[in-house]
Amino acid sequence: MDSSGKQNVSEVESKEGSETNQEDDSDYWVDEDNVIKEKNSDIKLNPMATLEVKLIQAHALTNKDLIGKSDPYAKMYIGPERGKTQSSKVIDNDLNPIWNEHFEFVVEDTSTQHLAVEIYDDDGLQASEVIGYARVKLSELEPGQVKDVWLKLVENLEDPKENEDQGMVRLELLYCPNGVRALFLKDGEHSEVVEKKKRLLIRGVLSVTVISAEDLPPADLSGKADPFVVLTMRKTLTKHKTTVVYQNLNPSWGETFDFVVEDGLRDMLIANVWDHDTFGKDFMGRCILTLTRVLLEGEYKDSFQVENAKSGKLELNLKWSAQPINRKS
């Protein structure tokens, strides 16, 4: 025990119940309640949960480059104090990037902590420029429930009234108290359990029914459109296309397509809506879906807002038939 009465963690581990006057370089100490605390800090380090984060995409980011477009990437950490920061990969020249990356954070106190998200423009050898900030209060998350959220990016979180819109970022969040099994996977961890999870491939068949769309924006001079939908699995680039429905802003299809998916946790479904023209096609918008919800529920039907369009929703039914296999070592 040192002169302040603080018992060192290394001493507790090696000689439990004993006292010593020897000091060491540990950054932590144990108080009288056996709670691990950081030196020079009043924050208690008492891990109570894991926060699994899937960074999906961003939309309509502010362009910070004079030539071309920004090269965005994300940084995330658990606040209020800036702890361990994790970064995504850089997406070159894109104001609507798709990441689909997984991260994991240790949570100590959901009542006071939040997830901080920072989006930057990578400028190579120069310092990165901030595009915007966002945060999520951990107290708003339900244990064991996946939450799909769009967060508004702002220039200053402390004074939001002065902020201009810097775009949006989309996350999937899963708060797992100790004892609750996590769903997402994080690359780079080394425990035996996680290594087994990393070898697991969620393989199966994804059946997608394109039911209908409503309130699509006009794409032709007649005030109508000739819409069709192209479904693409992002990892394999496997594609299926619906028929064209002519002169209709509220088309119905009722067409079903099957995809063989090798890695359900890491793949995505992209539904692009196009307007058919005699000499080509015009892009109308898209919907991006992770497979998290269908993996959990088995089957669901929902309407999705069409991105990059003034209006429009796409109604889909997704069904999953799983066949787990192990990745060969």
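How many bridges join strand β4 to β7, and in which sense do the two run? Strand β4 (residues 49-59) is joined to β7 by eight bridges, and the two run antiparallel. The model is a predicted one, in which local features need pLDDT of at least 70, side-chain atom pairs count only at pLDDT 80 or more, and totals for chains, interfaces and linings use all residues. Residues are numbered from 1 along each chain as its sequence is written, and side-chain values use heavy atoms, with hydrogens and water left out.

Strands here are DSSP runs (E, at least two residues), numbered from the N terminus, and two of them pair if DSSP finds at least two bridges between them. Strand β7 (residues 98-107) is largely enclosed by the rest of the structure, because eight of its ten residues are buried; buried means under 20% relative accessible area, exposed over 50%, and partly exposed in between (1.4 Å probe, protein chains only).

A further sheet is open and consists of four strands in the order β16-β13-β20-β19, with antiparallel pairing. Its edges are β16 (252-261) and β19 (299-305); each has a single partner strand, so one side of each is left without a neighbour in the sheet. On average, neighbouring strands of this sheet are turned by 20° against each other, direction ignored, where the axes are lines fitted to C-alpha atoms and angles run from 0 to 180 degrees between N-to-C directions. Seven bridges connect β19 with strand β20 (residues 313-322) in the antiparallel sense, and the bridge partner of Ser 303 in β20 is Glu 315.

The structure also holds nine salt bridges, each a side-chain nitrogen of Lys or Arg within 4 Å of a carboxyl oxygen of Asp or Glu. One of them joins Glu 262 to Arg 203, with the closest N and O atoms 3.4 Å apart. Glu 262 lies in the loop between β16 and β17 (268-277) and Arg 203 in the loop between β12 (200-201) and β13 (204-214), so the pair ties together parts that are 59 residues apart in sequence. Glu 262 is partly exposed at 35% relative accessibility, and Arg 203 is partly exposed at 28%.

Asp 263 and Arg 266 also meet through their side chains in a salt bridge (2.8 Å, N to O). Asp 263 counts as buried at 8% relative accessibility, and Arg 266 counts as buried at 18%. Finally, a network of salt bridges links Arg 293, Glu 297 and Asp 302.
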